Amino acid sequence: MVRGNHTVTEFILLGFSTNPVMQMILFVLFLGVYSLTLLGNTTLIILICNDSRLHTPMYFFIGNLSFLDLWYSSVYTPKILVTCISEDKSISFAGCLSQFFFSAGLAYSECYLLAAMAYDRYAAISNPLLYAQAMSKKVCSSLVIYSYTGGFVNAIILTSNTFTLDFCGDNIIDDFFCDVPPLIKLACDVRESYQSVLYFLLASNVITPTLLILASYIFIIAAILRIRSTQGRLKAFSTCSSHLISVTLYYGSILYIYSRPSSSYSLERDKMVSTFYTVLFPMLNPMIYSLRNKDVKEALRKLFKLAPSDI
């Protein structure tokens with residue numbers, strides 16, 4: 001990539017702080033979060049694979065979400081840890097491009113996967129007798145494949161358009177990873193066509209899945225209201241509560257950062273928000289989907305041979 005008369009071969013990631021003490025504190029915090037992310041998501045995947053009671057469409061999607069979160073967190077956190085304890089804050093141009101591509105592909109894939117999970121809840125609640133037929137193994141596998149395909153095809157579009165921008169400013173990225181807002185700040189001139197690409201990707205990867213999720217929940221609410229008993233309504237809604245929390249947290253942070261014009265980007269504020277959905281969210285997902293889930297707790301008890309009172 002040419003910058004003025006110079007070739008950009010690397011970028012400098014400023015991270016969160018240049019204070020050595022603060023960097024060490026952040027290293028410990030991020031290491032703890034990453035360890036919990038690996039432990040929580042790996043445990044959930046093992047439970048879903050080993051326990052036959054969890055071999056249902058809902059847990060199939062949750063297992064895939066955990067796998068995606070493992071991969072997603074690993075795109076960012078190891079580099080953050082190195083940046084915190086090393087004097088070398090650089091990332092090569094190819095490394096930045098790779099991180100950007102995988103982060104975009106996984107983020108978009110998660111958007112589609114959460115939409116597929118909303119459809120799964122709709123199928124389960126609206127017509128439980130036909131649920132097994134509607135959400136067969138073939139349908140579930142297809143939805144997961146489509147999620148990854150759509151995510152990474154759009155990531156190719158975003159990456160190719162972003163890394164053909166002319167970077168004429170400093171090669172210093174005021175963030176902890178390569179992302180759209182800080183890279184735009186380094187660009188000489190952001191073409192209107194690039195901004196159009198961003199809005200297209202926002203519409204296809206975030207707005208469209210959001211509308212599908214909203215439509216699914218409108219039908220879910222209608223189906224729940226047709227249930228006569230209060231206990232039955234609460235039971236039906238409880239199967240959706242974890243997914244609703246996950247969707248609200250993830251889509252809320254994504255929309256906040258990427259739905260605004262590039263001129264309104266605030267790197268310090270965006271840095272904190274992006275930390276949530278890139279680092280903290282993958283750690284929270286296993287807790288969201290398991291803490292109030294009796295099936296997961298029972299599978300955990302069976303795996304570690306614990307007494308019911310121990311969980």
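Tutor: A pocket is an open set of grid points with protein on both sides within 12 Å along at least five of seven lines, whereas a cavity is a set of points where a 1.4 Å probe fits but cannot get out. Please bear in mind that this is a predicted model. Here the largest pocket holds about 820 Å³ of space. It is lined by 29 residues, and those closest to its centre are Met-58, Arg-121, Lys-235, Ser-238 and Thr-239.

Student: Which elements give two or more residues to the lining of the largest pocket?

Tutor: They are helix 2, helix 3 (93–126), helix 8 (230–258), helix 9 (267–290) and helix 10 (294–304). Helix 8 gives the most, with 8 residues.

Student: How many cavities of 30 Å³ or more does the structure hold?

Tutor: There are 2 cavities of that kind. The second largest cavity has a volume of about 70 Å³. Its lining includes Leu-14, Gln-23, Leu-26, Ile-80, Thr-83, Cys-84 and Phe-176. Helix 1 (20–50) and helix 2 each supply at least two residues of that lining, and helix 2 gives the most, with 3 residues.

Student: How should I judge the length of a helix?

Tutor: One compares the distance between its end C-alpha atoms with the span expected at 1.5 Å a residue. Helix 1 has 31 residues and should therefore span 45 Å; its end C-alpha atoms are 44 Å apart, which agrees. Helix 2 (residues 57–85) has 29 residues and reaches 42 Å from first C-alpha to last, close to the 42 Å expected.

Student: Where in helix 2 does a kink lie?

Tutor: The kink, of about 35°, lies at Ser-74, shortly before the proline Pro-78.

Student: What can be learned from the buried residues of a helix?

Tutor: An α-helix has 3.6 residues a turn, so residues three or four places apart point the same way. With that idea in mind, one may look through the buried residues of helix 1, among them Gln-23, Leu-26, Phe-27, Phe-30, Val-33, Tyr-34, Thr-37, Asn-41, Leu-44 and Ile-48.

Student: Why does Phe-27 count as buried?

Tutor: Buried means under 20% relative accessible area. Phe-27 has a relative accessible area of 19%, and therefore counts as buried. Leaving aside residues up to four places away in sequence, Phe-27 touches Leu-81, Cys-84 and Ile-85. Phe-27 and Thr-83 are 56 residues apart in sequence, yet their C-alpha atoms are 8.8 Å apart in space.

Student: Is Ser-35 buried, partly exposed or exposed?

Tutor: Ser-35 is also found in helix 1, but with a relative accessible area of 38% this serine is partly exposed. A polar atom of the Ser-35 side chain lies 2.8 Å from the backbone oxygen of Leu-31. Ser-35 and Met-283 are 248 residues apart along the chain, and their C-alpha atoms are separated by 8.8 Å.

Student: What does the side chain of Thr-162 reach?

Tutor: Thr-162 lies in helix 5 (residues 137–162) and is buried, with a relative accessible area of 1%. Its side chain reaches the backbone oxygen of Leu-158 at 2.8 Å. Not counting residues up to four places away in sequence, Thr-162 touches Phe-100, Phe-167, Leu-183 and Tyr-194.

Student: With which side chain does that of Ser-204 make a polar contact?

Tutor: The partner is the side chain of Asn-205, at 3.1 Å. Ser-204 has its place in helix 7 (residues 192–225), and at 17% relative accessibility counts as buried. Neighbours within four places in sequence aside, Ser-204 is in contact with Tyr-112, Asn-154 and Pro-209.

Technical notes
Residues numbered from 1 in each chain as written. Predicted model: local features only at pLDDT ≥ 70, side-chain atom pairs only at ≥ 80, totals over all residues. Heavy atoms only, no water. Helix = DSSP H or I, 4+ residues; strand = E, 2+ residues; numbered from the N terminus. Buried < 20%, exposed > 50% of the residue type's maximum accessible area, 1.4 Å probe, protein only. Polar contact = N/O pair within 3.5 Å; in protein donor to acceptor, adjacent residues only side chain to side chain. Contact = heavy atoms within 4.5 Å. Expected span 1.5 Å × (residues − 1). Bend = angle between axes of the 7 residues up to and from the residue. 1 Å grid on protein atoms, 1.4 Å probe; cavity = no way out; pocket = protein on both sides within 12 Å on 5 of 7 lines; lining within 4 Å. Points joined across faces, edges and corners; volume = space filled by probe spheres on them.
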